[in-house]
Amino acid sequence: KTIVNPDWEQKTQSATPVQFETSPENSGSIYLSDVLMAIEENRVVTFSYLKAGALQAEKRELCPLMLKEYGQRWYMVGTEPKKDRIKTFGLDRVETLKVTERYFAPLKNFKPNSYFKHSVGITVTDREPEEIELLFKNSQRYFIESVPLHESQEITEENEDTFKVTITVS
């Protein structure tokens with residue numbers, strides 16, 4: 001004998017047993033293929049960029065060197081033409097973007113795989129990396145080990161109540 005719950009249809013439509021992490025509405029991902037093409041072909045991009053707190057976007061040019069995802073947002077890393085300083089722009093703040101027909105010579109010493117090595121997030125500084133020690137209760141150990149704070153993370157001391165983690169960052 002099959003028992004039918006008259007509320008079944010209503011419950012399944014209103015309650016979802018799986019909940020996914022929500023991404024920001026504009027993570028900048030709509031520009032990924034264009035920026036990736038520009039990186040691969042060493043082509044300059046032009047874009048309008050709305051800085052945090054600004055009321056109006058400004059026109060920018062960039063020789064893109066890499067893309068980075070952090071915090072569910074995408075970032076474009078590169079140099080402005082005729083400047084050697086590397087800058088990072090959040091693609092979620094880009095209002096328009098165009099890959100130009102102009103080419104650029106890539107930086108010889110830029111290594112995308114190690115550029116953010118001593119950073120947490122997207123900020124890179126000129127400061128020398130330093131060792132930081134953090135003390136945690138053992139009740140936090142599983143989380144700290146399963147989701148490391150930084151790739152350099154090491155447990156350097158432990159006792160029955162606490163453990164110490166060392167990270168090397170700028």
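Predicted model: local features only at pLDDT ≥ 70, side-chain atom pairs only at ≥ 80, totals over all residues.
Which residue takes a positive phi in the hairpin of β2 and β3? The residue is G71, with a phi near 60°, in a hairpin that has two residues between the strands. Side-chain values use heavy atoms, with hydrogens and water left out.

Strands are DSSP runs of E with at least two residues, helices are runs of H or I with at least four, and both are numbered from the N terminus; two strands are taken to pair if DSSP finds at least two bridges between them. Strand β2 (residues 58–70) and β3 run antiparallel and are joined by seven bridges. Within this pairing, M66 has V77 of β3 as its bridge partner. On to strand β4 (residues 86–90): β3 pairs with β4 in the antiparallel sense over five bridges, and T79 stands opposite I86 in β4. The hairpin formed by β3 and β4 has six residues between the strands, and K82 in the turn shows a positive phi of about 70°. Strand β3 (residues 73–79) is also mostly covered, as five of its seven residues are buried (buried means under 20% relative accessible area, exposed over 50% and partly exposed in between, with a 1.4 Å probe and protein chains only).

Strand β8 (residues 162–169) runs antiparallel to β6, and eight bridges join the two. K137 stands opposite T162 in β8.

Turning to the rings, a search of the whole structure finds six aromatic pairs. Rings of Phe, Tyr and Trp (its six-membered ring) pair if their centres lie within 6.5 Å, and planes under 30 degrees apart count as stacked, over 60 as edge-to-face and the rest as tilted. One of the pairs is F47 with F89, edge-to-face at 5.2 Å centre to centre and 75° between the planes. F47 belongs to strand β1 (residues 43–49) and F89 to strand β4, so this pair ties together parts that are 42 residues apart in sequence. F47 is buried at 2% relative accessibility, and F89 is buried at 3%. Together, F47, Y49 and F89 form one aromatic cluster.

Another pair, F136 and F163, is stacked because the ring centres are 5.6 Å apart and the planes stand at 25°. Here F136 in strand β6 is linked to F163 in strand β8, 27 residues apart. F136 counts as buried at 14% relative accessibility, while F163 is buried with a relative accessible area of 0%.

Charged groups also meet rings: a charge sits over a ring if NZ of Lys or CZ of Arg is within 6 Å of the ring centre and within 35 degrees of the ring normal. R141 lies over the face of F163, at 5.2 Å from the ring centre. The charged end of K68 sits over the ring of F116, 4.7 Å from its centre.

Terms used. Residues numbered from 1 in each chain as written.
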